[in-house]
Amino acid sequence: MRCHSTRGTERVSLVEAIAQGLAPDGGLYVPESLPRVTLSAGTSLADTATALLQPYFADEVIDVAAVCRAAFTFDAPLRKLSGSNSLLELFHGPTAAFKDFGARFLAECVVRLPQPPKTILVATSGDTGAAVAAAFHRKPGVRVVILYPDGRVSARQAHQLGAFGDNVHTFRVAGTFDDCQRLVKAAFADEGLRTSRGLGSANSISLGRLLPQMAYYAQAALTLGQLNVVVPTGNLGNALACLMAKRMGLPIGDIALATNANRTLPDFLKAGRYAPQPSVATLANAMDVGAPSNVERLQYWYPDAATIPLTADSVDDATIRDTIRRTWKESGIAVCPHTACGLEVLRRIRARGGQGNWVVAATAHPAKFDTVVEPLIGQTVPVPPALAELLARPSTALPLEASDSAFHAALTTLP
Ligand SMILES: *Cc1c(COP(=O)(O)O)cnc(C)c1O
């Protein structure tokens with residue numbers, strides 16, 4: 001499928017768009033069309049993903065069926081809450097957050113590129129880095145370099161980020177997440193470094209991460225027949241994938257975004273005017289985003305904001321805590337702070353008389369946020385096996401000063 005930038009009309013192939021990540025004009029790639037598909041229920045997630053993504057890869061050099069088989073090795077099960085409310089559990093991958101789906105699909109595409117990159121750079125505020133590292137771990141011919149802000153991720157996240165070893169190199173940067181992103185951008189802008197180290201990106205704006213996220217919404221819609229969805233949202237990647245699945249003809253009705261105290265999206269949808277804000281720190285830290293990157297795709301598809309078929313509501317930290325406590329008391333289910341935002345938004349929808357099947361995307365396993373969740377429910381949360389395995393490994397991250405020259409030196413001396 002041909003793709004083009006949100007800021008231009010020059011066409012590239014989907015594989016080229018995946019290889020590039022960001023378009024050269026600074027825009028985000030979008031596919032030329034969202035083909036309508038008819039899928040059947042009762043197949044595996046990998047088969048649903050293949051059927052859904054085949055139209056995009058039809059004239060491409062990458063075999064999407066092989067990519068889906070390799071990437072989608074775990075499920076996204078529905079878990080009934082009460083009545084017609086369910087959780088869509090997206091945390092059964094190796095790093096226990098939904099980003100495993102996109103990261104693994106992208107990694108399987110990247111290693112099949114005609115000229116695969118040799119060094120994948122990722123700046124992370126927590127979950128992305130681990131998902132990308134896990135997806136590329138021990139893949140021959142490619143190394144991953146992770147930058148995370150020292151002291152600004154949870155203890156378990158930090159351990160996880162440094163626990164891979166082998167072809168994964170982890171740096172803890174003396175600075176903020178924005179510093180990490182700035183270092184990565186500067187490295188890409190350095191032509192010499194880019195070619196000598198064969199730099200590639202696994203950025204969350206890549207179509208290689210966005211497109212596969214449609215698969216679990218499609219699978220859930222086929223299973224339930226018809227559903228409405230609440231998506232806990234930061235950069236709008238997961239929710240946009242849900243909207244794209246709906247536009248491809250899947251039986252998805254309402255899509256409601258749940259944000260934490262970062263209100264940029266609710267304010268945008270209410271006022272129709274996009275005003276990015278500085279991000280504020282919350283308990284749902286993977287959604288601490290004040291300028292959601294995928295808004296640019298949304299605005300491209302819906303130039304008139306009044307026609308955007310999404311609603312959004314914001315949930316503060318006190319309500320996140322209450323929701324984690326209440327969900328445990330009422331259903332015996334421990335949820336992460338991001339999922340709690342979604343559950344609260346669903347509670348408000350039902351209180352207003354919302355009907356039909358509703359599904360809340362459960363974006364991370366609660367054990368990843370043990371220091372928040374455990375005191376609230378008065379229990380330890382059992383750690384899922386894949387995460388336990390990582391946490392049992394030794395962990396090392398090299399310290400890095402937040403300067404371009406220090407990162408340049410580190411990159412040139414990597415084995
Ligand atoms: C990344 C992340 C989100 C936000 O997803 P977006 O695609 O950025 O909207 C929500 N929850 C968790 C646990 C995450 O890791």
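**Notebook: a predicted model**

I began with Thr-380, which is exposed, with a relative accessible area of 64% (exposed means over 50%, buried under 20%, partly exposed in between, with a 1.4 Å probe and protein chains only). The model is predicted, so I noted its limits: local features need pLDDT of at least 70, side-chain atom pairs count only at pLDDT 80 or more, and totals for chains, interfaces and linings use all residues. Residues are numbered from 1 along each chain as its sequence is written, and side-chain values use heavy atoms, with hydrogens and water left out.

I placed Thr-380 in the loop between α16 and α17 (385–392). Helices here are DSSP runs of H or I with at least four residues, strands are runs of E with at least two, and both are numbered from the N terminus. I then looked from Thr-380 to Ala-367: 13 residues apart in sequence, 8.4 Å apart C-alpha to C-alpha.

Next I turned to Lys-368. Is Lys-368 buried or exposed? Lys-368 counts as buried because its relative accessibility is 3%. I found Lys-368 in the loop between β13 (358–362) and α16 (370–377). Its side chain makes a polar contact with the side chain of Asp-127, at 2.8 Å. A polar contact is a pair of N or O atoms within 3.5 Å; within protein, one must be able to donate a hydrogen and the other to accept it, and residues adjacent in sequence count only if both atoms are side-chain atoms. Setting aside residues up to four places away in sequence, I listed what Lys-368 touches (heavy atoms within 4.5 Å): among them are Thr-95, Ser-154, Gln-160 and Leu-387.

I moved to Ala-49, in helix α2 (residues 45–57). Ala-49 is buried, at 0% relative accessible area. Beyond its neighbours within four places in sequence, I saw Ala-49 in contact with Cys-68, Phe-72 and Ala-215. Its C-alpha lies 9.4 Å from that of Leu-211, 162 residues apart along the chain.

Then I checked the cores. A nonpolar core is a set of buried Ala, Val, Leu, Ile, Met, Phe, Trp, Tyr and Cys residues joined through side-chain atoms within 4.5 Å. The largest has 99 residues, and those with the most contacts inside it include Phe-72, Phe-105 and Met-214. Which helix gives the most to this core? I found helix α10 (residues 214–224), with eight residues. Apart from this core lies another, of 36 residues, including Ala-284 and Ile-349.

I went back to Phe-105. Leaving out residues up to four places away in sequence, Phe-105 touches Leu-53, Phe-57, Cys-68 and Pro-212, among others.
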